[in-house]
Amino acid sequence: MAEPLKLYRLVPIAADDDPNWLNAKSHGEVLVAARTSGDARIVASERELDFMDIDAAPAEDKTTNMASVFRNEKLYTVIEVDNGKEYHHRGVVDGTISVDTIISTQV
């Protein structure tokens, strides 16, 4: 049986006009089953589109995972939730993480 996980809410905390949102998009609140609050940020960020997933610069061996809004403590906070349920599968439980975070332009 898989290890028991905790449930975390990732909540945007920055104002809409905060400069940290520059070239970023809020996904709203997201519920994630994860090992720790830091792991919750990683789980959510893995659902975002990465440059390496599409044919867009800088795709050659460069990842944009570290640039996720979920990893930025000025944009999102993480709150542990105790809803009485057990989770054994690491991943997004509720919320929508769109994949239109990267704008591809034709050259």
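Predicted model: local features only at pLDDT ≥ 70, side-chain atom pairs only at ≥ 80, totals over all residues.
Where is Ser-68 found?

**View 1. Ser-68 sits in a loop.** Ser-68 is found between helix H1 and strand S3 (76-81), in the loop that runs from one to the other. With a relative accessibility of 6%, Ser-68 counts as buried. Its side chain makes a polar contact of 2.5 Å with the side chain of Glu-48. The side chain of Ser-68 also reaches the backbone nitrogen of Phe-70, at 3.1 Å. Leaving out residues up to four places away in sequence, Ser-68 touches Ser-45 and Glu-48.

**View 2. Glu-3 and Arg-35 meet in a salt bridge.** Here the N to O distance between the two side chains is 2.9 Å. Glu-3 lies in the segment before strand S1 (6-12) and Arg-35 in the loop between strand S2 (30-34) and H1, so the pair ties together parts that are 32 residues apart in sequence. Glu-3 is partly exposed at 41% relative accessible area, and Arg-35 is partly exposed at 44%.

**View 3. Asp-39 forms salt bridges with Arg-35 and Arg-90.** Asp-39 belongs to helix H1 (residues 37-45) and is buried, at 10% relative accessible area. The closest N and O atoms are 3.8 Å apart for Asp-39 and Arg-35, and 2.8 Å apart for Asp-39 and Arg-90. This second pair links distant parts of the chain, 51 residues apart, with Arg-90 in the loop between S3 and strand S4 (91-94). Arg-90 counts as partly exposed, at 37% relative accessibility.

Key: Residues numbered from 1 in each chain as written. Heavy atoms only, no water. Helix = DSSP H or I, 4+ residues; strand = E, 2+ residues; numbered from the N terminus. Buried < 20%, exposed > 50% of the residue type's maximum accessible area, 1.4 Å probe, protein only. Polar contact = N/O pair within 3.5 Å; in protein donor to acceptor, adjacent residues only side chain to side chain. Contact = heavy atoms within 4.5 Å. Salt bridge = Lys/Arg side-chain N within 4 Å of Asp/Glu carboxyl O.
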